[in-house]
Amino acid sequence: FPSHDSSLTQGSMFAFDFEENISDNFITWSQPCHSKHVRPSPTKLIGFRPKKSNKKYCSLIGCEWPRYAFRIQASPISGQTLRHYMQAIKFYYFLKPEIKENFRVKPYENQGWNLRQRFIDNIGINKVYEKQCFNHVLSKSLVVVVTYPETAFAESMLSGLPTILLYPCNLWELHPFMQPLLTTLKKSKIAFHNSKAAAFHLNSIWNNCLS
C-alpha cells in the first residue's frame with residue numbers, strides 16, 4: 001500500500017492504522033514506526049533544490065482541508081481549517097513592519113473555504129502569490145513559514161532555506177515515536193504552536209537569518 005506520508009506528527013496514526021490493517025506492506029517516506037512499514041528512498045526529493053532567484057520574502061505556506069468531513073483522522077477536519085488560518089493571520093500581525101512589507105502567502109488549493117480570498121481580504125492582494133508553484137515560492141523566499149507538519153515542511157527543510165513550522169498542536173495527534181524529534185525542533189526554535197512566539201523569534205533573526 002503506497003503512502004504519500006512525510007508527516008512529522010502522525011506516523012501510522014493518520015487514519016488510526018486503518019491502511020496498515022488492510023495491507024500486507026505500507027510504503028512510507030517517514031521513519032518506520034509500524035511492523036508493516038517499508039521505507040524506500042523518496043525519489044521525488046532526489047536533487048531537490050529551488051532555483052536561485054530574488055530571495056527576499058517571508059513566505060507562508062497555507063493549508064486547507066475539505067469543507068465537509070469524510071473520515072475520522074488524526075489531523076484537522078472541516079472547520080478546524082479556520083484555526084490554522086487565524087493562527088497565520090495572528091502571526092502576520094505580530095511581525096515587525098519590515099517583514100510585513102516582504103510577507104507573502106501561498107494558499108493551499110481551495111477545498112471549500114476559499115482561504116485565498118480570505119487572505120486577500122485580510123492582508124491585501126499584493127501579499128498573496130499569484131503563481132502557486134511551490135518551487136517558485138521557494139525561489140523567492142528568504143524565510144519559509146509552513147503551517148502544517150507534512151510534506152511541505154520536509155521539502156522546505158530540505159531546500160536549505162530557514163524554515164519555521166507553526167501549527168496548532170491540539171489539532172494534530174502526535175505519534176509517540178515522533179515526540180523526540182518534535183521536542184528537538186521546538187528547542188531549536190524551528191517548531192512553534194504560538195503565533196506570537198513564532199513572530200517574535202522571526203523578528204529577532206530577520207536581518208541575520210542566513211548566518
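In the predicted model, strand β5 (residues 141-146), helix α6 (residues 151-158) and strand β6 form a right-handed β-α-β unit; a crossover is right-handed if, with the strands pointing away from the viewer, the path from the first strand over the helix to the second runs clockwise. Helices (H or I, at least four residues) and strands (E, at least two) are DSSP runs, numbered from the N terminus. Residues are numbered from 1 along each chain as its sequence is written. The model being predicted, local features need pLDDT of at least 70 and side-chain atom pairs count only at pLDDT 80 or more, while totals for chains, interfaces and linings use all residues; side-chain values use heavy atoms, with hydrogens and water left out.

Within this unit, β5 and β6 pair in the parallel sense over three bridges, where pairing requires that DSSP finds at least two bridges between two strands. V146 lies opposite L165 in β6. Strand β6 is also joined by two bridges to strand β7 (residues 191-192), and these two strands run parallel; here L166 stands opposite F192 in β7.

In a regular strand the side chains alternate between the two faces of the sheet. The buried residues of helix α6 are T151, A152, F153, E155 and S156. Their cover includes β3 (57-61), α5 (134-139), β5, β6 and α7 (179-187). G160, which follows α6, has a positive phi near 90 degrees.

Elsewhere, helix α2 (residues 81-94) and helix α8 (residues 195-205) pack at an angle of about 40 degrees with their axes 8 Å apart. α2 is therefore oblique to α8, since angles under 35 degrees count as roughly parallel, over 145 as roughly antiparallel, 65 to 115 as roughly perpendicular and the rest as oblique. Axes are lines fitted to C-alpha atoms, for helices over the stretch in contact, and angles run from 0 to 180 degrees between N-to-C directions. In this pair, Q87, K90, F91 and F94 of α2 meet S195, K196, A198, A199, F200, L202 and N203 of α8, contact meaning heavy atoms within 4.5 Å.

The chain as a whole holds eight helices and seven strands. Of its 211 residues, 50% count as buried.

How values were computed:
Buried < 20%, exposed > 50% of the residue type's maximum accessible area, 1.4 Å probe, protein only.
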